[in-house]
Amino acid sequence: MVKMVDAPEGIEGQGFFATSLDKVIGMARANSLWPLPFATSCCGIEFMATMGSNYDLARFGSERLSFSPRQADLLMVMGTIAKKMGPVLKQVYDQMAEPKWVIAVGACASSGGIFDTYSVLQGIDRIIPVDVYVPGCPPRPEQIIEGVMKIQDLARKESLRRRNSDEYKKMLESYNIETQ
Ligand code: SF4
């Protein structure tokens, strides 16, 4: 059965429906997120299960994975990120076009997890901004789906102008990320 997405809030009458541009764009973005899976270890396997027919991420419009940063808007980091890998992850983030969102999937991506060692990055938010953290070692597919739904919520409600705001630019600058 095909389930249609609910229309955004608006004013409806016979033969017309009016709403704001922000809400229409938010609805479209939220239901067509293209994930880039940056999977380095075991959490990536849970993501594979999330994509499988049982959990079926396609229900959320996110079945189209992208391994090219330029055609993705949801960076999903899954696994242990070694410090040597940090610059690569940052470059992938840089190459993604705005608007873009980031999920840290699992304990390793969120905080380094059990690997409190000299070689492991203690959380990807040391180098790139993170929108949603999914706890667990590893998190179950249901938790990953909840993380994606939280991103959908952000995408749906985000103002079109947020990415041009001084606050957003300052946040990127705090990560030494160039703003255009
Ligand atoms: S959080 Fe646990 S399951 Fe996920 S990558 Fe780290 S060690 Fe593996």
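Mentor: Gladly, and please keep in mind throughout that this is a predicted model. Let us begin with a pairing of strands: β4 and strand β5, which covers residues 101-105, pair in the parallel sense over 5 bridges.

Trainee: Which residue of β5 does L74 stand opposite?

Mentor: In that pairing, L74 stands opposite W101 of β5.

Trainee: And how many bridges join β3 to β4?

Mentor: Strand β3, residues 35-39, is joined to β4 by 5 bridges, and these two strands also run parallel. Within that pairing, F38 has V77 of β4 as its bridge partner.

Trainee: Which elements make β-α-β units with β4, and what is the handedness of each?

Mentor: Handedness is read by following the path from one strand over the helix to the next strand. Here β3, helix α2 (residues 43-51) and β4 make a left-handed unit, whereas β4, helix α3 (residues 86-95) and β5 make a right-handed one.

Trainee: Is β4 mostly covered or mostly open?

Mentor: One counts the buried residues, meaning those with 20 or more other C-beta atoms within 10 Å of their own. Strand β4, residues 74-78, is mostly covered, since 5 of its 5 residues are buried. Its side chains can also be sorted by direction: L74, M76 and M78 point one way, L75 and V77 point the other way, and all of them are buried.

Trainee: Which residues surround the ligand?

Mentor: The ligand is surrounded by S41, C42, C43, G79, T80, G106, A107, C108, G113, C137 and P138. Helix α4, residues 106-111, gives the largest share of this shell, 3 residues.

Trainee: How should I now read the protein as a whole, and in what order do its elements run?

Mentor: One lists the elements and then looks at the overall dimensions. The protein has 6 helices and 6 strands, and from the N terminus on they run β-β-α-β-α-β-α-β-α-β-α-α. Its radius of gyration is 17 Å, close to the 16 Å that the globule rule gives for 180 residues, so the protein is as compact as a globular protein of that length. The C-alpha trace spans about 65 × 40 × 25 Å along its principal axes.

Trainee: What share of the protein's residues is buried?

Mentor: Of the 180 residues, 29% are buried. As for contacts with a separation of 6 or more, 76% of them are accounted for by residues 24 or more positions apart.

Notes: Residues numbered from 1 in each chain as written. Predicted model: local features only at pLDDT ≥ 70, side-chain atom pairs only at ≥ 80, totals over all residues. Buried ≥ 20, exposed ≤ 12 C-beta atoms within 10 Å, placed from the backbone. Helix = DSSP H or I, 4+ residues; strand = E, 2+ residues; numbered from the N terminus. Pairing = 2+ DSSP bridges. Near = placed C-beta within 6 Å. Rg over C-alpha atoms; globule rule 2.2 N^0.38 Å. Contact = placed C-beta atoms within 7 Å.
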